[in-house]
Amino acid sequence: MTDHTTEEPTRRDFIYIAAGGAAAIGGALTIWPFIHQMNPAADTLALGSIRKDISSLGVGQEITVMFRGGPVFIRRRTEAEIAEARAVELDRLPDDLARNENLPDDASAADANRVLNPEYLIVKGNCTHLGCVPVGNGAGDYDGWFCPCHGSHYDASARIRRGPAPENLPVPAYIFENEGAVVKLGATSDEVAAAGWSVA
Amino acid sequence: MKRFIATLAALAALATPALAAEGETHAPENHDWSWEGPFGTFDDRQLQRGLQVYQEVCASCHSMDLLSFRNLGQPGGPFEYLPDPEHEGELITFANPNDNPVVMEIASRYTYTEIDLETGEEMERQGIPADRFPNPYANDAQAAASNGGAAPPDFSVIVKARSGGADYIRSLLLGYDYEVPEDVTLLPGQHYNPYFPGGVLAMGPQLFDGAVPYADDTPQTAEQYAEDVVAFLAWASEPHMEQRKRMGLGVMIFLLIFAVLMWLAYRQVWANVKH
Amino acid sequence: MSHQSTYEPKTGIEKWLDSRLPIVRLGYDSFVDFPTPRNLNYWYTFGGILAVFLVIQILSGVVLAMHYVPHVDHAFDSVERIRRDINYGWLIQSMHANGASFFFVAVYLHMFRGLYYGSYKAPREVLWIIGVVIYLLMMAAAFMGYVLPWGQMSYWGATVITNLVGALPVVGEGIREWLWGDFAVGNATLNRFFSLHYLIPFLIAGLVILHIWALHVPGNNNPTGVEVKGKGDTLPFHPYYTVKDGFAIVVFLMIFAGFVFYLPSVLGHADNSIEANPLVTPAHIVPEWYFLPFYAILRAVTFDFGPISAKLGGVLAMFGAIGVLFALPWLDRSPVKSMRYRPIAKWCFLIFVIACLGLGWCGAENPDNMVFEFGGIGMPFVVLSQILTAYYFIYFLVILPVLGFVEKPKERPESIEASVLGSSPAAAPAE
């Protein structure tokens with residue numbers, strides 16, 4: 001066929017490499033929008049953090065809030081419940097970790113590591129066994145929650161005590177705003193750091 | 001062949017009397033907008049004023065169903081940047097428009113009805129940034145019934161949905177000062193506006209000098225209100241316009257370089273080949 | 001493939017694969033070593049451009065389908081949600097909508113090129129017919145795709161076009177209702193259009209493979225219309241045509257990007273930003289620009305023709321305008337392929353292109369509007385569209401068959417190589 005001996009090889013190669021490189025860069029940059037489109041959209045993210053006014057919640061009352069596609073339990077505990085939760089010895093717990101998004105992964109399951117304000121217990125409401133929603137308001141053998149699907153019992157700190165569930169109900173990232181009148185679920189890590197969360 | 005066509009055309013011309021010109025609809029007046037052209041952007045202050053005009057004048061009849069309060073604080077939105085309360089003259093921005101205090105404040109002015117999960121009863125709650133702009137009517141039928149049978153159009157994409165776009169809407173808003181032609185009869189509740197197709201519409205003039213109090217020293221004239229509210233509506237019709245143009249610039253530059261490289265490669269490959 | 005395979009597997013894994021599934025050999029013989037006429041001009045790059053746009057449409061379409069909701073209550077809002085809330089959704093939606101237009105730009109140029117250089121003639125009749133089938137499927141996909149955003153033009157375009165079927169005698173009304181799955185265009189229609197809109201591109205992709213296969217058996221036609229005679233007439237596809245096609249693709253993508261980023265809705269219609277409303281018809285229904293010539297042909301038939309009503313006549317004319325393309329390889333009786341060497345046909349072709357553009361213009365206008373008006377007389381668009389429609393059919397059914405007998409072609413080069421070198425026929429095929 002034809003042979004290119006008239007041109008200096010290095011310059012020729014440079015053009016081919018540059019053209020091929022441009023094609024590769026263009027292709028790679030084009031891929032990103034096609035991948036990123038599958039990430040949660042702006043309207044979904046807008047509900048990725050919500051604020052709930054809890055000022056009207058009475059002592060001993062409990063509400064369920066829909067957050068990120070599932071329930072979140074907000075319980076204003078009585079003095080007795082707090083005392084009961086704090087009295088439990090940690091070595092009697094099947095799961096001895098706090099499971100608290102606001103604290104390091106290795107924080108212990110002590111009740112103080114499960115709450116920001118001891119009066120308000122806020123946990124995600126899906127049983128850690130298979131995702132059913134436990135019944136609350138002091139249900140079960142440990143005065144907390146009871147999951148009717150397979151019989152898991154949670155205590156007044158929403159820690160697993162008996163049954164097939166492997167872990168304590170997890171605590172979502174949250175902070176209090178307006179002097180504790182409003183809870184913001186889905187708080188950012190900066191907000192969490194500024195909110196006074198600390199390992200007991 | 002050409003003569004054949006010319007003959008046919010002439011025959012056709014003879015066979016068809018010309019139709020009389022119909023009632024005049026004015027072409028929209030051309031206006032210079034800040035967002036025109038490949039580098040045009042929205043003016044945040046103008047979008048804020050436009051939102052105010054929409055809320056105080058238009059919103060009593062026109063919904064914007066596709067807009068959420070959070071959109072006001074997103075990149076490119078009117079409240080993307082706020083004055084920093086701690087440092088004079090500096091601006092702050094929020095990664096999540098949900099945390100934008102102005103957006104939260106605007107949303108909280110409205111109340112929404114939802115079902116109480118405990119009781120199943122309807123209850124009222126304050127608006128949050130994720131909420132859509134409230135619709136002034138409960139449903140389309142009510143909107144139509146309250147407006148003489150014609151529901152006021154939704155404003156979410158109104159600038160895209162009208163040929164003439166921003167120019168048309170501005171002209172329409174300011175086009176009520178024309179004398180009603182003799183052959184146009186207005187029924188009660190109808191108004192004449194030559195920019196509206198057909199000239200007769202149910203909406204009367206809405207913008208009057210001084211009707212909307214601006215916080216800054218922007219002139220409070222009907223002209224200015226119209227320009228501001230159209231800017232806001234144009235932004236609402238395409239909130240990602242600025243991002244689109246920015247990205248387009250990069251893509252065009254890249255493709256230009258790529259094309260030059262491909263052309264050089266082409267020249268190189270074909271250098272010694274006759275074709 | 002028609003030529004001897006020159007692929008030689010080098011590594012062990014290539015040899016292993018080649019004796020089991022010679023797919024690398026197929027790719028090598030088809031797109032690397034394939035002998036391609038050395039004189040292909042830029043009009044021949046649109047095949048590659050079309051392949052790129054098929055990929056763009058399928059990729060962006062699959063993405064849009066992840067977010068689109070095919071329900072009359074949600075379709076319009078879900079498309080706006082894509083443009084507003086989905087990450088880069090505005091970009092991908094704009095690529096898909098404008099991509100359809102550019103797909104048609106490329107396919108029309110590809111088809112006109114085939115018409116001019118006689119690429120439909122023996123031995124490429126099957127290649128041409130597969131191409132026409134692809135074009136038909138593209139039209140179906142584009143039509144159904146335009147319904148999906150569920151704007152006013154979507155709804156009323158769907159209503160007008162599906163009503164055409166009702167013009168068929170006896171079975172028309174039944175078929176129309178069957179298409180709708182309802183008593184009018186409705187939710188059932190939207191759902192099935194979405195399903196078919198997703199299906200058709202994959203049919204097109206399959207037919208494209210057949211199209212390339214049918215191309216590679218006889219090999220490319222070329223601007224001289226003289227078949228390849230020897231090795232001196234051809235060059236290997238790679239790198240000569242990969243780089244030439246590549247350059248053309250990038251230039252075409254640049255124009256495309258200009259529309260996607262700076263004129264994203266200029267090819268659309270304002271009325272389609274109004275949600276579909278079965279109670280209000282837009283003042284002026286027009287299809288997308290790429291259907292306008294056929295829309296003009298449809299509306300050009302304003303008279304009953306024997307037992308055929310004007311409505312049915314219009315439908316028949318519109319489908320006939322595409323149907324005639326299937327018969328083209330046998331209608332054109334000239335032994336000369338390229339119109340370079342056909343002095344009369346060349347001019348008739350030029351008028352044909354102008355007629356197609358003119359029909360597009362007529363399709364965009366109200367038929368009663370005037371093309372020109374002078375001293376109280378003028379010509380409405382409907383008359384212009386009738387003249388141009390007549391020429392469209394005369395070109396295929398009269399001019400091309402008759403020219404085959406009466407036209408005296410110019411002298412053609414001996415071979416491609418001779419034409420390229422500009423020398424007289426003496427040049428012997430290179431060995």
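Author: In chain A, strand E7, which covers residues 152–155, is joined to E8(A) by two bridges, and the two strands run antiparallel. Within that pairing, His153(A) has Arg162(A) in E8(A) as its bridge partner. This is a predicted model, and what follows should be read as a description of that prediction.

The pair belongs to an open sheet of four strands in chain A, arranged in the order E5-E6-E7-E8 with antiparallel pairing. At the edges lie strand E5 (135–139) and strand E8 (160–162) of chain A, each of which pairs on one side only. From one strand to the next, the twist averages 35°. As a general point, the side chains of a regular strand alternate between the two faces of the sheet.

Ala139(A) stands opposite Gly144(A) in E6(A). E5(A) and E6(A) also form a hairpin, with three residues between them, and Gly140(A) in the turn has a positive phi of about 85°.

Elsewhere in chain A, Glu191(A) has its place in helix H4 (residues 189–194), and a polar atom of its side chain lies 2.9 Å from the backbone nitrogen of Thr188(A). In general, side chains of opposite charge can pair when their charged atoms come close. Over all chains, the structure holds 35 salt bridges.

Chain A also meets chain C, in a contact that takes 14 residues from chain A and 16 residues from chain C. Between them these chains bury about 1200 Å², with 64% of it on carbon and sulfur atoms. One salt bridge is found across this interface, and Asp43(A) forms a salt bridge with Arg81(C) in which the closest N and O atoms are 2.5 Å apart. There are also six residue pairs in polar contact across the interface of chain A and chain C. On the side of chain A that touches chain C, helix H1 (9–36) and helix H2 (42–46) of chain A each supply at least two residues, and H1(A) gives the largest share, with four residues. By class, that side of chain A divides into eight nonpolar residues, five polar and one charged.

Turning to chain B and chain C, 46 residues of chain B are in contact with 47 residues of chain C. The area buried between these two chains is about 4300 Å², of which carbon and sulfur atoms give 72%. Lys160(B), Arg244(B) and Trp270(B) supply 14% of the area that chain B buries against chain C, which is more than any other three residues. Three salt bridges are counted between chain B and chain C, and Glu238(B) forms one with Arg83(C), the closest N and O atoms being 3.7 Å apart. The polar contacts between the two chains come to 10 residue pairs. Helix H1 (2–15), helix H6 (222–237) and helix H7 (241–269) of chain B each supply at least two residues of the side that touches chain C, with H7(B) giving the most, 17 residues. That side of chain B is made up of 30 nonpolar, nine polar and seven charged residues.

Note on methods
Residues numbered from 1 in each chain as written. Chains lettered and ligands numbered in written order. Predicted model: local features only at pLDDT ≥ 70, side-chain atom pairs only at ≥ 80, totals over all residues. Heavy atoms only, no water. Contact = heavy atoms within 4.5 Å. Buried area = accessible area lost by both parts, 1.4 Å probe. Salt bridge = Lys/Arg side-chain N within 4 Å of Asp/Glu carboxyl O. Polar contact = N/O pair within 3.5 Å; in protein donor to acceptor, adjacent residues only side chain to side chain. Nonpolar A, V, L, I, M, F, W, Y, C, P; charged D, E, K, R; others polar. Pairing = 2+ DSSP bridges. Axes fitted to C-alpha atoms, helices over the stretch in contact; angles between N-to-C directions.
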